[in-house]
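Please keep the sequence and the model in view while reading.

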Amino acid sequence: MTQQKIMVCGAGIAGMACALGLAKKAFTVEVLAPEMSRQPPRHDEYHPRVYAISGSSQNFLASLGIWDLMDATRLTPVQAMEIYGDGGGRLALDAWQDARHTLAWIVESGEMERALRQALKVYGVRWHDDQLASRDGEQVHTVSGKTLNAQLLVGADGAKSTVRRVAEIWHDFKAYGDSGLVTHLTTELPHQGVALQWFTGDAVVALLPMPDTDEGPQVSLVWSGPTEQIAELMALSDEDKAQRLQQWLMGVTQGRLGNVCVRSKMFAFPLTFERTGMVAEGVALVGDAAHRVHPLAGQGLNLGLGDVEELIRVLAAKPVHQSVGALPVLERYKRRRAEPIAAMRTVTDSLHSLFMAQQAPVAWARNAGMSIINQLPFIKRRLIANAAGDKFFPL
Ligand SMILES: Cc1cc2nc3c(=O)[nH]c(=O)nc-3n(C[C@H](O)[C@H](O)[C@H](O)COP(=O)(O)OP(=O)(O)OC[C@H]3O[C@@H](n4cnc5c(N)ncnc54)[C@H](O)[C@@H]3O)c2cc1C
């Protein structure tokens, strides 16, 4: 069989990790995505998007050599989580309760992208600075009019995937009616490596620990809430926006980290739940192109990195006579991802339904349930394993 080629379309973290992992397994792989230059960040400047990286994603990134390429001073270990309900419920999960050092790591998107780009250059992976326009069998046509050839096209081109559209892979979409808002905050009190989360009845507020800055301790805010409320805030001037958000956060957090002060630009986007058929002859989807879950569990990228790891494993183990784009090979990848994706969808959807329900009995039950679980070491150990991303146990 002649040398086969894999084209990874999209260069977010899932796409670049996929290209790097395939290159390391000696596949001929190229990237098709707009080129972006990532300068090393300036002192005290942090990328707006941060991820809670689970233990299994960390192991995968370490196996790619990426973990050690990132600046260690910009990575923050999460040693504990505190979750608050809207009626006095409280649940505390500490890494030591399950004999671990960390539950997760908070990592900036920009830092991970920079390390991946550097590694791809070292491996000499060819990069086409262009965008996918259409596909005709093994031929891929770009927006600038080039035609490229590949036996397998990996769609890592995000939630609005062109690969998915041109390959006619089915796609289910549900808007939650919520939006996400992210920004970084300076806090009066230190976070001490604790990730904090509040369920307020119609919103979820998470404060993720970040490196300290010259101005003081820092956390990253991820607020998922009603779209109208977030749109109303975003329409204000920068100064009014910051003031309104700070005031609201003081009410929600009850001063858990003292006064908070907005220290970066705010970004807002709609939240959706999406499912797809994942594969077609000669095409496999990974990351947000393949699925999207609510960010309340902070697991979207972890799920995407799980896809990448499995796709590489399946391709590396396929019989030599089979093409990298053969449907039976790609169906194997899809089958192996079905359970983890469904489990994650169930966890995030159930949490969303449970914590956004306004009916009094449900509101009482969720708060009572949190306080009861807080007293049960066995269930807490399972929750800790779930948070660390080892395995999703049904509770
Ligand atoms: C508020 C919020 C908080 C989150 N927090 C977490 C968290 O803590 N932990 C976690 O694991 N996940 C989290 N997520 C989820 C996470 O952001 C996504 O799952 C992740 O960014 C998806 O990465 P990706 O590489 O699949 O796609 P993307 O990052 O969207 O990358 C897509 C790439 O494709 C390229 N592209 C697009 N179209 C084309 C085309 N036609 N041709 C070529 N290239 C193209 C784009 O330029 C881009 O480079 C969060 C999400 C939200 C909304």
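Asp288 is partly exposed, its relative accessible area being 30%; here buried means under 20% relative accessible area, exposed over 50%, and partly exposed in between (1.4 Å probe, protein chains only). This is a predicted model, in which local features need pLDDT of at least 70 and side-chain atom pairs count only at pLDDT 80 or more, while totals for chains, interfaces and linings use all residues. Residues are numbered from 1 along each chain as its sequence is written, and side-chain values use heavy atoms, with hydrogens and water left out.

Asp288 forms a salt bridge with Arg292, the closest N and O atoms lying 3.4 Å apart. The term denotes a side-chain nitrogen of Lys or Arg within 4 Å of a carboxyl oxygen of Asp or Glu. By this rule, the count comes to 18 salt bridges.

Arg292 also meets Glu274 in a salt bridge, at 3.9 Å from N to O. This pair links distant parts of the chain, 18 residues apart: Glu274 belongs to strand 18 (residues 267–276) and Arg292 to strand 21 (residues 291–292). Helices (H or I, at least four residues) and strands (E, at least two) are DSSP runs, numbered from the N terminus. Glu274 counts as buried at 4% relative accessibility, whereas Arg292 counts as partly exposed at 24%. Elsewhere, salt bridges that share partners join Glu309, Glu310, Arg313 and Arg336 into one network.

Another salt bridge connects Arg244 with Glu232, their closest N and O atoms being 3.7 Å apart. Arg244 lies in helix 6 (residues 238–253) and Glu232 in helix 5 (residues 227–234), so the pair ties together parts that are 12 residues apart in sequence. Arg244 is partly exposed, with a relative accessible area of 38%, and Glu232 is partly exposed at 48%.
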